[in-house]
Structure formats: structure tokens, C-alpha cells
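Let's explore a protein model together, one question at a time. Have a look at it first.

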Amino acid sequence: MYDYDLLVVGSANADLVVRVERRPGAGETVLGSDLVVHPGGKGANQAVAAARLGARTALLARVGDDGHGRLLLESQRAAGVDTVGVLVGGAPTGVALITVDPSGDNSIVVSPGANGRLGPQDVRAAGSLFHVSRVVSAQLEIPLETVVEVVRALGPDSRFVLNPSPPRPLPGEVLAACDPLIVNEHEARVILGDACVSDSPADWARLLLAKGPRSVVVTLGAEGALVATGDGVARVPSVKVDAVDTTGAGDAFTAALAWRLGQGESLAGAAAYAARVGATAVTKAGAQESYPTAGEVAAL
């Protein structure tokens, strides 16, 4: 019996968002809207997204003992996330500086802060959480050595989902545990490195699968996604909506997919549901504030 459908190990940031008519070039200054502060961070986003959908969710993260940290904790608890694994102190809360243009596209710079202090020792100290979680999800806004320790802490029947963002080369131990590895085009190219010898997303999926993951999902934005297993590569269609803000949509996709996999759904079926969740999220501004309930997804 599992206490949690999903344990998210990852970052928690305050998102400082400014809307701009266009993003500045090198050496250029542009005027933007008033600053808005939202709770964010890829780990915290995934936890809220899953909990909003109805998943029993816990978060293992680190925030500062400051106003941004309190904002993040309040957001998690309001969504129904168990924050027993959220550690406080050691550095200021991480911050993401985000500009959003009129089309809804965004550019992000992250100052990790306390996220960089979430270490392997914190994973080991939270070992009991891993053994009562059906699925464990991680990202790379925390130290890579911490993600390696997450893989080592997995329960015997737990499933591991990784979105390697921001991307970097991954050790074989981590790749071998991924089921699935979830990447966009940029992340796929970075992880493949010299092995990226094709411009075809289907080839990326096959090449990534050959590096060791048990399964791979390549997200393609408005073009949907590809899922790859030992049985082959399949396309998952997109859901057409009018995008307002794409901030955090990938985190909503990952959280929804991880939860549905834990409920026994096939990879293709889970990805199709996740596409609907991500599409619903981009119709509203912000990250966590935009995440839908299961009822809102069904109504899309």
C-alpha cells in the first residue's frame, strides 16, 4: 500500500514575472508591466499540478526562511500537497526571473538559492518517503548528485520519472532508472550531444532510448509529443487552445503523466492525458495558478 501517488523531489522558486511587448536583445532595455510574484520552481509546480488533479502528493525540497519560502509553503498546502519533506533554511529561497511576450512565450533565468543546498544527505534522511511513494519525479534545478541519490533511494516497485531541465549530460545510473525520460527538443539535443545526428524527433526518441532509459517522451509543443518504448515510437496529438502563458506548462504535463502512469495507464494514454492538462494550463496566466483540476481537464 502506497501513502503517496507521487513524490516530487525538486526545486521551489518564487517566480518574478514581467510581461513585455518583446524580449530585449543584447545590451537593450525594454519597459515591461508591473512585477508579479508567483509560487513556482519545477518541483513545486509538479507537486501542485498533481495534487490539483487529485493525486496524493508529497514534495521533497528546500526553501529559505523568508517571505518567498512562506509563499511557496502556503501554495503547496493550499493545493493539498504534503510538505513534510520541505526543508527550511540554509540559503535564500530560489528565484526565477521570467519575461512573457504577447504570444505567451517566456524566457527564464533561475537563481537556485536554497535549491542548490538540497543535497544527497537530505534524500537519505527522507528515505521513508521513497518507500511509500508509487512514482517519484525529479528535475535538474537541484544538484545532479542529489538526483543520483534519488535513484538509489527508490523503493523496489517505485517508478522514476525525470525531466532533465535545465539539461546536462546524465550518468548511466540515472538514465537506466528513467521510465520515462521526458525531454523537449533542446533537452534532447543536449543529452544526445554528438549522438544527435538527425533533425527528426522520432530519431531523437530512438537514440535517447538506446542510451538506457526504459521509456522516453519527447514533447513537441503545438505538435504534440512522441512516446518511445522497446515496442517502437508513437505520436500523441496536441490539443489546440489559445495560449495565454506557457510558463509551467511542461511541469503540468510531467506531473499529469507521472500520476496517470502510477494509476496503471499506458505511456501513450498517460501522455495523451498530460497533453490535455498542459493545454488547459496555458489558457491562464502564471504557473501554479493556471493548473487545472481533473474536472477542468475533462471539460476542455
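**The pocket and the sheet**

The largest pocket has a volume of about 1300 Å³. A pocket is an open set of points on a 1 Å grid over the protein atoms alone, where a 1.4 Å probe fits, with protein on both sides within 12 Å along at least five of seven lines; lining residues have an atom within 4 Å of a point. Points are joined across faces, edges and corners, and the volume is the space filled by probe spheres set on them.

This is a predicted model, where local features need pLDDT of at least 70, side-chain atom pairs count only at pLDDT 80 or more, and totals for chains, interfaces and linings use all residues. Residues are numbered from 1 along each chain as its sequence is written, and side-chain values use heavy atoms, leaving out hydrogens and water.

Q: Which element gives the most to the lining of the largest pocket?
A: Helices (H or I, at least four residues) and strands (E, at least two) are DSSP runs, numbered from the N terminus. Among the elements that give two or more residues to this lining are β2 (13-19) and α9 (249-262). With five residues, the top contributor is α9.

Q: In β8, what is the bridge partner of Y4?
A: Strands β1 (residues 4-9) and β8 (residues 133-139) run parallel, joined by five bridges. The partner of Y4 is S133.

Methods
Pairing = 2+ DSSP bridges.
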